[in-house]
Amino acid sequence: MEEVPHDCPGADSAQAGRGASCQGCPNQRLCASGAGATPDTEEIKEKMKTVKHKILVLSGKGGVGKSTFSAHLAHGLAEDENTQIALLDIDICGPSIPKIMGLEGEQVHQSGSGWSPVYVEDNLGVMSVGFLLSSPDDAVIWRGPKKNGMIKQFLRDVDWGEVDYLIVDTPPGTSDEHLSVVRYLATAHIDGAVIITTPQEVSLQDVRKEINFCRKVKLPIIGVVENMSGFICPKCKKESQIFPPTTGGAELMCQDLEVPLLGRVPLDPLIGKNCDKGQSFFIDAPDSPATLAYRSIIQRIQEFCNLHQSKEENLISS
Amino acid sequence: MEEVPHAIEEIKEKMKTVKHKILVLSGKGGVGKSTFSAHLAHGLAEDENTQIALLDIDICGPSIPKIMGLEGEQVHQSGSGWSPVYVEDNLGVMSVGFLLSSPDDAVIWRGPKKNGMIKQFLRDVDWGEVDYLIVDTPPGTSDEHLSVVRYLATAHIDGAVIITTPQEVSLQDVRKEINFCRKVKLPIIGVVENMSGFICPKCKKESQIFPPTTGGAELMCQDLEVPLLGRVPLDPLIGKNCDKGQSFFIDAPDSPATLAYRSIIQRIQEFCNLHQSKEENLISS
């Protein structure tokens, strides 16, 4: 599906193959028959049966700390050796997860049962397009349909095995990748989305759009995390609001939109330093206010997922 | 596919009244592209004799209307096309943000539809005579970037300014962006390193909040042989003014960040003028 008309409605939209712009497209018959979409969704649903909880990490805005958060959510959950964690990076253009997890240069292996994730720990496996590039500087310059194909493969062909939590790290925006992952996982049920922001209005503006997106596609919202929430000078301890919450920050936005505020994480230079080194920030700075904030947020996410699981079990047994 | 080459011709015609075209790029999100684009526009527009156009092609997260203080503005159509929204007489702006009924509307479009919008922006906006067209882009190297380069290919882009922050996680994406520019033969004016340190207002201690663990933009630029245009430190007044839709230069004229910006803007002007002189020499020789 390399070349598509400029007004392509999308291979998996209701108009696929039927729109006016579909006339003459080489993929028209495939789209109209729905064959490009349905069997994969079923396969993915099958694959996802061994995955207990699925969490998407989203933000309308770039650079707010989605990948940092996804990685540390994974680290935090994986501290319980009996919990199996999977981290999937669907940011095709800017895959940060391999670096943040200290897995640069790793390769993906194929077996009879599919692609093997790359393991950081026995109970923490990772998959990213970053592992498929010959060099980390290779620009992945793909248009939407090709990115969607990759995401589908990640969900269908990776042999995750039995997993307690699948965390999906997404790129900024509300476009192909987001629509695709929601669509492909729709029948497999996503527990919910964690939405990351920073305190200033320019970020919140994009995050409100993201919350709207979640509501449109009926994706439950676990809650919002406000990153870069203040900086404490290591010398004099003065707190500076580097990204000032001129319109009330995430707290007010969450009140207005009736979504939970999971927590606020302050800036800490050790976070960036550890991400660059591919290490867990929790190990380097176990008593940092940022670490404490993270742990509290992770706990709330677990509580949400367990509550959802109990409700499902009650429904089934009633 | 017939309409595509036709659109490129129409855009080339339209762009004849635009002297210089600058793309503001980054592989990484949240490094300050829109902040930079807006302030590049403000800086250049301080010369009342210079006509500036600012085009925001971030369809999913259009920040430019807010940063330029133009939220709620509408686009008007006339016989000669869409009218940009004017901040000043000599500074016009266009963004998908002006086309949304509400700023909270999620624009959930796939690639082809985004490309269509970009084509319209380039073909149908009546910019008039313009000295500098600044194009603010979303993060990544995807549809929007391929489209704008493709549509402007025959109209000639002066070059790209690439924004980064000091840490390796950003530089990694920025190296990809530099590769993208080389692949599509887009000249690189240079790199700007944003969020380059923070000075505590109380005790003046400098903290590297996003530590340059691998040498920052400086080393990357040496390695890849691209100019480092400058480094801009963190300043809470930047974020505050962006939220208010005002020029940070007016609120903090003596801030180290303002001085850094001014120096960078000057270097960009020098690059564009040098290129223009070369072209004129070629034509007259």
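These legends describe close-up views of a predicted model with chains A and B.

The model is predicted, so local features need pLDDT of at least 70 and side-chain atom pairs count only at pLDDT 80 or more, while totals for chains, interfaces and linings use all residues. Residues are numbered from 1 along each chain as its sequence is written, chains are lettered from A and ligands numbered from 1 in the order in which they are written, and side-chain values use heavy atoms, with hydrogens and water left out.

**View 1. The contact between chain A and chain B.** Chain A gives 66 residues to the contact and chain B gives 65 residues; contact means heavy atoms within 4.5 Å. About 5400 Å² is buried between the two chains, and carbon and sulfur atoms give 60% of that area. Buried area is the accessible area (1.4 Å probe) that two parts lose on being put together, summed over both. Salt bridges between chain A and chain B number 0; each would need a side-chain nitrogen of Lys or Arg within 4 Å of a carboxyl oxygen of Asp or Glu.

View 2. Elements of chain A that give two or more residues to the side touching chain B are α4 (97-100), α5 (144-157), α6 (176-185), α7 (201-216) and α9 (269-277). The largest share, 9 residues, comes from α7(A). Helices are DSSP runs (H or I, at least four residues), numbered from the N terminus.

View 3. A disulfide is a pair of cysteine sulfur atoms within 2.5 Å. The count over all chains is 0. The closest cysteine sulfur to that of C233(A) is in C203(B), at 3.6 Å, too far for a bond. C233(A) is buried, at 2% relative accessible area. For C221(B), the closest cysteine sulfur is in C181(B), 12 Å away, also too far for a bond. C221(B) is buried too, at 4% relative accessibility. Buried means under 20% relative accessible area, exposed over 50%, and partly exposed in between (1.4 Å probe, protein chains only).

**View 4. T68(A) and its contacts.** T68(A) sits in helix α3 (residues 66-78) of chain A. Its relative accessible area is 17%, so T68(A) is buried. Beyond neighbours within four places in sequence, T68(A) contacts I100(A), I271(A), C275(A) and Y294(A).

**View 5. E43(A) and Y184(A).** Helix α2 (residues 38-47) of chain A holds E43(A). E43(A) is partly exposed, with a relative accessible area of 42%. In sequence, E43(A) and Y184(A) are 141 residues apart; in space, C-alpha to C-alpha, they are 9.7 Å apart.
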